[in-house]
Amino acid sequence: MAIPFEFYTNPNPDPQAPKRYHPRVVAKGTVSLKEIVDTVSGRCTLSAADLHAAVTAIEQVVSENLANGFRVRLDGLGSFSLTLSSPEVDDPTKVRSQNVAVKSVVFSPEKSFVAHSQSRGFERSAEKPHSADVSLDQVKEAIAEYLQANPFVRRADIERLLGLTKSTAQRTVKTLIADGFLKNISGDEHHPLYALR
């Protein structure tokens, strides 16, 4: 099966700039650990329970080694390493160890692992997961019209109204708040409800 892809517009703050595009994989969903374990179990002599136990043990050992300051390499897959974060200061001696946190676990795939995926080939996706190409004025007009009949608008409503992807809708909402067009009336950052400012 070939890798499905589609072209997306490169973000550019200058609306007058010519559009540029980049390819991106169109995700068909998420494969769970159980599905992977079941598939692998069908291709070898290990039971699904044995594989699940092995994956759990590997995850624990990888985490322990990362926490001990090692970079972990799994032959055929790639390497794992930690990135850290801390408050920005002008003097490193002012930062206490309690203020340092794990920012992310970075995975660097081996070339052979990438090449194996590349060997599948590519095909344009039949689905069109882009956001609709709408101007900020069109966005404002649609939201204002929606709010004439509704007390508030959610990000999901904006996605549906304008045919935007979740990430594009999130960026659009941030822009509209910064522009002073919308405000969060819920008082809850995790469950915002927007109205005209």
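In which helix is the place of Leu-33?

Modeller: Leu-33 has its place in helix H1. First, some ground rules. This is a predicted model, in which local features need pLDDT of at least 70 and side-chain atom pairs count only at pLDDT 80 or more, while totals for chains, interfaces and linings use all residues. Residues are numbered from 1 along each chain as its sequence is written, and side-chain values use heavy atoms, with hydrogens and water left out.

Now the helix. H1 covers residues 33-41. Helices (H or I, at least four residues) and strands (E, at least two) are DSSP runs, numbered from the N terminus. Leu-33 is partly exposed, with a relative accessible area of 37%. Here buried means under 20% relative accessible area, exposed means over 50%, and partly exposed is in between (1.4 Å probe, protein chains only).

Leu-33 belongs to a nonpolar surface patch of about 380 Å². Patches are made of residues with over 30% relative accessible area and no salt bridge; like charges are joined within 9 Å, and nonpolar side chains (Val, Leu, Ile, Met, Phe, Trp, Tyr) within 5 Å. The areas come from the Shrake-Rupley method with a 1.4 Å probe, and for residues only the protein chains shown count as cover.

Side chains of opposite charge can pair when their charged atoms come close. Asp-38 and Lys-34 meet in a salt bridge, at 2.8 Å from N to O. The term means a side-chain nitrogen of Lys or Arg within 4 Å of a carboxyl oxygen of Asp or Glu. Both residues lie in H1, 4 residues apart, about one turn of the helix. Asp-38 is partly exposed at 37% relative accessible area. Lys-34 is exposed at 57%.

Leu-51 sits in helix H2 (residues 48-67). It is buried, with a relative accessible area of 11%. Contact means heavy atoms within 4.5 Å. Leaving aside neighbours within four places in sequence, Leu-51 is in contact with Val-37, Val-40, Ser-41 and Leu-46.

How does the wider structure look? A search of the whole structure finds 7 salt bridges. One of them joins Glu-6 and Arg-124, with the closest N and O atoms 2.8 Å apart. Glu-6 lies in strand S1 and Arg-124 in strand S6, so this pair ties together parts that are 118 residues apart in sequence. Glu-6 is buried, at 2% relative accessible area. Arg-124 is partly exposed, at 47%. Another salt bridge links Lys-94 to Asp-90, its closest N and O atoms being 3.1 Å apart. Lys-94 and Asp-90 are both exposed.

Two strands pair if DSSP finds at least two bridges between them. S1 (residues 3-9) and S6 run parallel, joined by 3 bridges. In S6, Glu-123 is the bridge partner of Pro-4. S1 and S2 pair in the antiparallel sense over 5 bridges. There, Pro-23 in S2 is the bridge partner of Phe-7. S1 is mostly covered, with 5 of its 7 residues buried.

One last stop is helix H5 (residues 155-162), where Glu-159 is found. Glu-159 is buried, with a relative accessible area of 18%. Not counting residues up to four places away in sequence, Glu-159 touches Leu-164, Thr-165, Lys-166 and Ala-169.
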